[in-house]
Amino acid sequence: MEPKGHPEVIIVGAGPSGLATAACLTRAGVPHIILEREDCFASLWKKKSYDRLHLHLVKQVCELPHFSFPATFPTYVPRKQFLQYLDDYVSHFNIRPLYHRFVESASYDAVLKKWDVKARNVSSGEEEEYSGRYLVVATGETSDEFVPEVEGMNTFTGEVMHSTQYKTGEKYKGKRVLVVGAGNSGMEIAFDLADHGAKTSIVVRSPIHILSRGMVYMGVTLLKYIPFHAVDSLVVILSKLRYGSLAKYGIQRPQEGPFALKAKCGKFPVIDVGAFNKIKSGEIQVLPAIESIKGDEVGFDNGKSHPFDVIVFATGFKRSTHKWLKGDDYLLNEDGFPKPSFPNHWKGKNGLYCAGLASRGLYGAARMPKT
């Protein structure tokens with residue numbers, strides 16, 4: 001099979017990181033292609049995000065390379081306006097991803113010194129082959145939805161969904177809804193449900209930091225000038241002053257500070273957009289880890305059980321890079337994250353690179369391709 005075209009760079013993934021990489025290559029005059037398995041760019045934002053989602057960081061640190069947000073946009077950009085920004089970005093840089101391309105393998109040819117990428121055209125069913133000097137993995141940290149196995153899940157009589165299927169709490173008024181997972185998506189979905197009158201509970205299994213948007217912005221700014229431990233100490237003090245003891249609500253704070261924890265294992269602090277006040281008021285009930293499900297009853301590891309009509313799994317994502325990227329034993333691990341530590345995590349061997357896998361969310365995606 002003859003390779004299609006002669007791009008210098010093959011980018012896998014048309015999320016914000018892939019788009020940013022393409023824009024930078026376009027400005028530099030480097031021929032490239034983007035292979036995207038979905039039918040649109042930024043599919044997570046376009047098709048798999050809840051309606052009330054806003055960027056959790058100020059817009060200035062979330063801009064993609066070489067293209068600012070309009071001055072009229074609010075400090076924390078809502079989903080709808082962010083999608084408009086991405087549309088304008090793609091149009092401005094004339095980015096044209098090849099859609100419905102499901103990458104099945106990518107391997108390095110040491111003789112020709114090129115990457116051979118085989119992708120299945122989902123529309124036609126045909127296998128296509130692409131060849132390029134460089135390969136950029138920009139498939140993102142949130143590529144494949146993860147739902148944990150729970151004993152008795154198949155007996156649940158209500159509705160079960162992943163957070164990517166959740167849009168709004170409007171239709172759940174009066175229903176008993178359990179959100180599993182207390183990251184930013186889980187907390188914000190729980191807030192949205194409670195705001196729409198659902199009888200909301202959330203599983204908080206592990207210790208978490210709860211910070212305000214202002215605390216996070218201050219912390220990110222201070223990290224440019226002072227060490228992690230000093231920033232963490234200050235931010236934790238501010239969090240305790242604002243939110244008080246979390247233990248009485250069934251929530252524990254981690255021993256490590258929020259920014260050290262983020263750098264060490266990629267775990268984001270919870271940025272509070274209103275959920276905590278609903279936890280305090282009892283509108284959101286905090287529950288421990290799930291043990292089993294039987295019918296509409298969900299059992300928890302404190303020995304208690306509660307009935308629910310709906311379960312929303314805000315349990316994150318897995319990456320599938322290891323299934324198609326062949327011969328790389330240096331850059332990415334089995335879970336699809338870089339082995340080298342930040343800031344040297346983006347460059348592999350033989351022309352292999354990654355973008356947007358720094359466990360820094362959109363903040364990282366906006367900056368990585370500039371390197």
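Begin by selecting W115, a buried residue with a relative accessible area of 2%. The model on the screen is a predicted one.

S131 belongs to strand β5, which covers residues 127-132. At a relative accessibility of 10%, S131 counts as buried, because the limit for that class is under 20%.

**The aromatic rings**

Colour the rings of Phe, Tyr and Trp next. Across the whole structure, a search finds 16 aromatic pairs. For one of them, select Y85 and Y89: the ring centres are 6.2 Å apart and the planes meet at 40°, so this pair is tilted. Both residues lie in helix α3, residues 79-92, where a spacing of 4 residues amounts to about one turn of the helix. Are Y85 and Y89 buried or exposed? Y85 is buried, with a relative accessible area of 1%, and Y89 is buried as well, at 0%.

Now extend the selection around Y85 and Y89. One aromatic cluster is formed by W45, F67, F69, F73, F82, Y85, Y89 and F93.

**Charges over rings**

Display R213 with Y76: the charged end of R213 sits over the ring of Y76, 4.2 Å from the ring centre. Then display K318 with F146, where the charged end of K318 sits over the ring at 5.2 Å from its centre.

**The cavity**

Rolling a probe the size of a water molecule over the atoms shows where empty space is left. In this structure the search finds 1 cavity of 30 Å³ or more, and the largest cavity holds about 30 Å³ of space. To outline the largest cavity, select its lining: H56, N184, M187, E188, V270, I271, D272, V273 and A275. Two elements give two or more residues to this lining, namely α4 (184-195) and β12 (270-271). Which element gives the most to the lining? The answer is α4, with 3 residues. Coloured by residue class, the lining divides into 5 nonpolar, 2 polar and 2 charged residues.

For the last stop, select strands β14 (residues 290-294) and β15 (residues 297-300), which pair in the antiparallel sense over 4 bridges. Within this pairing, I290 has F300 of β15 as its bridge partner. The two strands form a hairpin with 2 residues between them, and G295 in the turn has a positive phi of about 65°.

β15 pairs with β16 in the antiparallel sense, over 3 bridges. Here E297 stands opposite P307 of β16. Where in the hairpin of β15 and β16 is a positive phi found? Select G303, whose phi is positive and near 90°; this hairpin has 4 residues between its strands.

Definitions and conventions. Residues numbered from 1 in each chain as written. Predicted model: local features only at pLDDT ≥ 70, side-chain atom pairs only at ≥ 80, totals over all residues. Heavy atoms only, no water. Pairing = 2+ DSSP bridges. Phe/Tyr/Trp six-rings, centres within 6.5 Å; stacked < 30°, edge-to-face > 60°. Buried < 20%, exposed > 50% of the residue type's maximum accessible area, 1.4 Å probe, protein only. Lys NZ or Arg CZ within 6 Å of the ring centre and 35° of its normal. 1 Å grid on protein atoms, 1.4 Å probe; cavity = no way out; pocket = protein on both sides within 12 Å on 5 of 7 lines; lining within 4 Å. Points joined across faces, edges and corners; volume = space filled by probe spheres on them. Nonpolar A, V, L, I, M, F, W, Y, C, P; charged D, E, K, R; others polar.
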